Amino acid sequence: MEAILMKIYEYYTDSDRDMLLHAYDYAKEAHRNQKRASGEPYFIHPCAVAEILVELGLDAETIAAALLHDVIEDTPATEEDIRNAFGEEVLTLVSGVTKLDKIVFKSQEEEEAENFRKIFIAMAKDIRVIIIKLADRLHNMRSLNYLSSDRQQKMAKETLDIYAPIAGRLGISQIKCELEDLCLKYLDPAAFEYLVNNIHQKLEERHRFVDSVVGALNEILTESGIRGEVFGRPKHFYSIYRKMTTKQKTLDQIYDLTAVRVIVGTVDECYEVLGKIHKQWKPVPGRIKDYIATPKPNMYQSLHTTVVTNFGQPFEIQIRTEEMHRTAEYGIAAHWKYKEQRDSETSLDARISWIREMMELQGGFRDSREFMNTVKEELYSSELLVFTPQSKVISLPAGATPVDFAYAIHSEVGNHCTGAKVNGKIVPLNSTLELGDVVEIMTSPTSKGPSRDWLKFIKSPSAKAKIKAFFKKQTKEENIRLGRSMLDDAAKRKGTSLAEILTPESFKKVSEKFEFDTQEEMFAAVGYGSVSVNQVLFKLFDYFRKEVPQEVSIRPFKEKNAKGSVTVKGMTGLLVSFAGCCSPVPGDDIVGFVTRGRGLVIHRADCPNVRNVEPERLQPAEWVIKEQGDARFKAAIVVYAEDQGTALSAISQSVTDMKLSIISINGRYDKKEDAVVEVTVSLWNKQDIEVLISKIGSFPRIIEVRRLAN
């Protein structure tokens, strides 16, 4: 606890120091009687978190929030107390960290998924919240040995899955590497112990080798008249463990246990040193990486090369400027640590733009789990660097296609993409891009949007999310239109209109029960089928009965018992039946076809079987909806999906939700190997079909749903 006080005095100005000492005293008193699992005073924890952040160079408000980050959750102190004592900015950071730990879930999977989503919301609001949380998690991992084995495993897995990748994406390599090593210690203790013991045994031998390499590199700098620094850096255990497991190598087969870094003054000197290193030692083909010209998404820049010594032993050398080194070590935290050298707030915005992009896309996901899986793919995906015709570098996942590239440029470029050129040649949209390709996207303003087929071959999680968001928005707009129409039709059957009964006051009554924020949200819910027409209308009518009974006349309301019949202009006494080829239902545009011997057969107006018949045999017809009866109709739809199980599951769940019944169902696979399932259902009217199609189409891996014409 004394260490943080010394650093507060050393690193901060008088005004900042006053606030930090106040936060120190406030938190110490609030946690006075609390103990950690180790039996130590609890206050050691917030002090350790604050100390980690001081080393990263965070501002005074962040350090104060770190000292106070458990006060609201674990002590009688309130948000108002923190606001009055330390101001709005500190309170926002403290409450942001507190909210990340507050929710309770039904299952561990649901908990992990929702926590992941909340982390990204917090990051989008203020990136310092997640930096505090990373420091909090780091100290908790350092003292994990005091917890039970189950809790150790759970926390280590969550850390490796979520917090370490986020630290990596933010470029804070110090925290990322230590978190990964601590996770390995608890997730695979035998492997961790093996690495510690065996690497330590050869430590002296490796130091001699690294010292000889460092000496040779210092000679290169001296001969070139370049001022710089050369030092060895042991690779952390988890990176060695990953290399052993993914490449099936033993520890003896991994030579680059230590990387050598060369820090110089300018970019030109980086390239000059690289050339002279390759003159001294032979480079390993395919192991030269230029992250200066093409920085990683977390803004990391450096030259990497692996060379072979005269003794045949390979080793890695990293060459960078001092500023690049700071960014590599501190990542986004360098924005605060090196205030005098940061360019602008715009630089910070560029670093976290990917977070904001993910949050803009979250509305396109079905739930937190889908959001988590997509962002994890984004965090873990390996890099493929390609270029625009203007030489701008675009980073994509390995195996990416021109469609991935189009969406990386902008959502609208992807949505209106009609073709692509790679290195000047037109290629299919599902072509796999290679490192260094120059890609040009062709677009058309008349394009109707992306194809669902693209979801089968694209690799970028963000591109998938953008395509799904496009279809979700399209579906939502259709549901709004459908829901409004359904409510208006039902209101008219009751002797009124939706415009009469839907007022701001009556909508408030509906929203109190169903928690709709807008009328469009209510219409969409009705169109989708998550709320029935009756539920909404009953609430609207109930309001008018109680508040303004004189303004609305309401006929008795009956649900799903309307008898469907037709009237045919100028025709009487004919036997009327419904065509089996197109299965018309109330709400469809219909036409009567005069048959020879079977009376009048009612077809849908768009039925292919009546397109080319003699015009004189067709008679205009319309539906007449009566209040009594229990008539049902049948209609057929076809579902295209990635596999038959997906289609059957979507159909079954949607039909059950709507309380409909299936008359017949059959499936097959088409030439594209897509599952094709045709299903005939018993229902009440056209709106039921539209809701059913919308519901089925909203399921993941469903390609297309449409009504069968015949």
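**Close-up views of a predicted model**

**View 1. The buried residues of helix H14 in this predicted model are Tyr238, Ile240 and Met244**. Helix H14 comprises residues 237-246. An α-helix has 3.6 residues a turn, so residues three or four places apart point the same way. Just after H14, Gln248 takes a positive phi of about 55°.

**View 2. Four strands form an open sheet in the order E18-E19-E17-E20**. The pairing in this sheet is antiparallel. Strand E18 (661-669) and strand E20 (702-707) stand at the edges; each has a single partner strand, so one side of each is left without a neighbour in the sheet. From one strand to the next, the twist averages 20°. Strands of a sheet pair through backbone hydrogen bonds, either parallel or antiparallel.

**View 3. Strands E18 and E19 run antiparallel and are joined by 8 bridges**. Strand E19 covers residues 675-683. Within this view, Ser661 stands opposite Ser682 in E19.

**View 4. Helix H28 packs on the sheet**. This helix, residues 644-657, touches strand E17 (633-641) as well as E18, E19 and E20. The direction of H28 makes about 170° with that of E18.

**View 5. Helix H29 lies across strands E17, E19 and E20**. Helix H29 is formed by residues 686-697 and runs at about 170° to E20.

Note on methods
Residues are numbered from 1 along each chain as its sequence is written. This is a predicted model: local features need pLDDT of at least 70, side-chain atom pairs count only at pLDDT 80 or more; totals for chains, interfaces and linings use all residues. Side-chain values use heavy atoms; hydrogens and water are left out. Buried means under 20% relative accessible area, exposed over 50%, partly exposed in between (1.4 Å probe, protein chains only). Helices (H or I, at least four residues) and strands (E, at least two) are DSSP runs, numbered from the N terminus. Two strands pair if DSSP finds at least two bridges between them. Axes are lines fitted to C-alpha atoms, for helices over the stretch in contact, and angles run from 0 to 180 degrees between N-to-C directions. Contact means heavy atoms within 4.5 Å.
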